[in-house]
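Here is a friendly walk through one protein chain, written to be read with the structure open beside you. Please keep the viewer handy and look up each residue as it comes along.

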Amino acid sequence: MKKDFYEILGVSKSASEAEIKKAYRKKAIEFHPDKNPDNPAAEEQFKLAAEAYEVLSDPQKKAKYDQYGHQAFDGAGGFGGGHGGMNMDDIFSQFGDIFGGGFGGFGGGGGGARRAKGSNMRIKVKLTLEEIANGVEKKVKVKRKVQAPGVSYKTCSTCNGQGQVMRVTNTILGRMQSASTCPSCGGSGQILDKKPNNADAQGMILEDETVSIKIPAGVVDGMQLKVSGKGNDAPGNSIPGDLIVAIEELEHEFLKREGENLHYDLYISFAEAVLGVSKDIEAVNGKVRIKLEEGIQSGKILRLKGKGIPSINGYGSGDLLVHVNVWTPKTLNKEQKQFFENALNDDNFTPHPEKSDKSFFEKVKDMFS
């Protein structure tokens, strides 16, 4: 079971952005590989702190994490706001500025080159309610920037392959050293040496690739998943960006979604309401047969437990709420009209609501309780 991100950084859920950044910097310096060479436990703590910071430092990711926990990002196939798929190159390329120039890249006591990371790509995937309820694997075709066959790069002379340049400034506190991305190579530590004719100015070409995306059950409209390493490449000795997958929920013909619950409007005739009837109800996993008792009232809500959408956190499923509506005919023939005229004086047709019959507002309250 994954450890809570707030616990990893040692902050509370109400911590400010500055407090989260400060806590991460403290953990990153404590477990930095330059200070803990050949220490797998420290390296693991270093990665965990970076994973936690990646989510908690982003307001949107933080809000989703607070609501859904790790399941908001995790999924089979390498999803998740970085956790589970981050490596040292990811961390230094994204959060290197956190260290304030005090450390270099991983694996060289400050002398190792940082690898540039390619840009992320974003796509939108449309899902039916049935796909959301059951989880689905989607195959999508994307155009990625990749290094052209035959391209070659050489060490950048500006940064000597480090990917960043150091600058020393004099302040009232003394000489301060800071690092910034190399303007010549963009952080890759390499520049173009040999460019094929079909490549762009950075030695890249566009290539079609089919990517398989495993989407867990219970996702919500607007949620973003991440497929690591399926974004664009960058020049030189780089790591690919990520493919960001935005979920779009398609409207269902009969069912309306409300969180993990589903709503279904069932219309029955006056005769069916009086005599009782069995009906087939549309659900996300096929039809469900329900029995309506004699004398059922319009507005009654029947709750089918567990027939809704699974929780993305794995805490069971929501319910299917069937709203019973008695359909009143707008026109009657002579015999039908005579029947109901006679019923006007029949006490059996006079409304006698019982105390157990809840009002409309009570029914609405029950739906949200």
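## The chain as a whole

Please bear in mind that this is a predicted model. The chain has 369 residues, and 39% of them count as buried. Its secondary structure comprises nine helices and 15 strands.

In soluble globular proteins, nonpolar side chains tend to be buried together. Here, the largest nonpolar core contains 43 residues. Within this core, the residues with the most contacts are I213, I215, L243, V245, I290, L320 and V322. At least three residues of this core come from domain 2 (114-144 + 206-250), and at least three from domain 4 (255-368).

Setting aside residues up to four places away in sequence, V245 touches I123, V125, I213, M223, Q224, L225 and V227. There is also a second, separate core, made up of 21 residues, and A15, Y24, A52 and V55 are among them.

## Where helix α3 meets helix α4

Two packed helices are described by the angle between their axes and the distance between the axes. Helix α3 spans residues 40-56 and helix α4 spans residues 59-68; they pack at an angle of about 105 degrees, and their axes are 6 Å apart. Angles of 65 to 115 degrees count as roughly perpendicular, so α3 and α4 are roughly perpendicular to each other.

Which residues make this contact? From α3 come E54, V55 and L56, and from α4 come K61, K62 and Y65. By type, the residues of the contact are three nonpolar and three charged, with no polar ones.

Most residues other than glycine have a negative phi, and most peptide bonds are trans. N160 is not a glycine, yet N160 has a positive phi of about 55 degrees. You will find N160 in the loop between β3 (152-155) and β4 (164-171).

Is N160 buried or exposed? Its relative accessibility is 59%, and the cut-off for exposed is over 50%, so N160 counts as exposed.

Q177 is found in strand β5, which covers residues 174-181. With a relative accessible area of 44%, Q177 is partly exposed. Along the chain, Q177 and R167 are ten residues apart, while 5.7 Å separates their C-alpha atoms. Next comes Q190, which sits in strand β6 (residues 190-194) and counts as partly exposed at 23% relative accessibility. From C-alpha to C-alpha, Q190 and C156 are 4.6 Å apart, although 34 residues apart in sequence. Apart from neighbours within four places in sequence, Q190 is in contact with Y153, K154, T155, C156, C185, G236 and N237.

N261 belongs to strand β11 (residues 261-269). The relative accessible area of N261 is 16%, and N261 is therefore buried, since buried means under 20%. N261 and I309 are 48 residues apart along the chain, with 6.2 Å between their C-alpha atoms. Beyond its neighbours within four places in sequence, N261 is in contact with K256, G318 and D319.

Note on methods. Residues are numbered from 1 along each chain as its sequence is written. This is a predicted model: local features need pLDDT of at least 70, side-chain atom pairs count only at pLDDT 80 or more; totals for chains, interfaces and linings use all residues. Side-chain values use heavy atoms; hydrogens and water are left out. Axes are lines fitted to C-alpha atoms, for helices over the stretch in contact, and angles run from 0 to 180 degrees between N-to-C directions. Helices (H or I, at least four residues) and strands (E, at least two) are DSSP runs, numbered from the N terminus. Angles under 35 degrees count as roughly parallel, over 145 as roughly antiparallel, 65 to 115 as roughly perpendicular and the rest as oblique. Contact means heavy atoms within 4.5 Å. Ala, Val, Leu, Ile, Met, Phe, Trp, Tyr, Cys and Pro count as nonpolar, Asp, Glu, Lys and Arg as charged, and the others, Gly among them, as polar. A nonpolar core is a set of buried Ala, Val, Leu, Ile, Met, Phe, Trp, Tyr and Cys residues joined through side-chain atoms within 4.5 Å. Buried means under 20% relative accessible area, exposed over 50%, partly exposed in between (1.4 Å probe, protein chains only). Domain bounds come from an automatic or database domain assignment.
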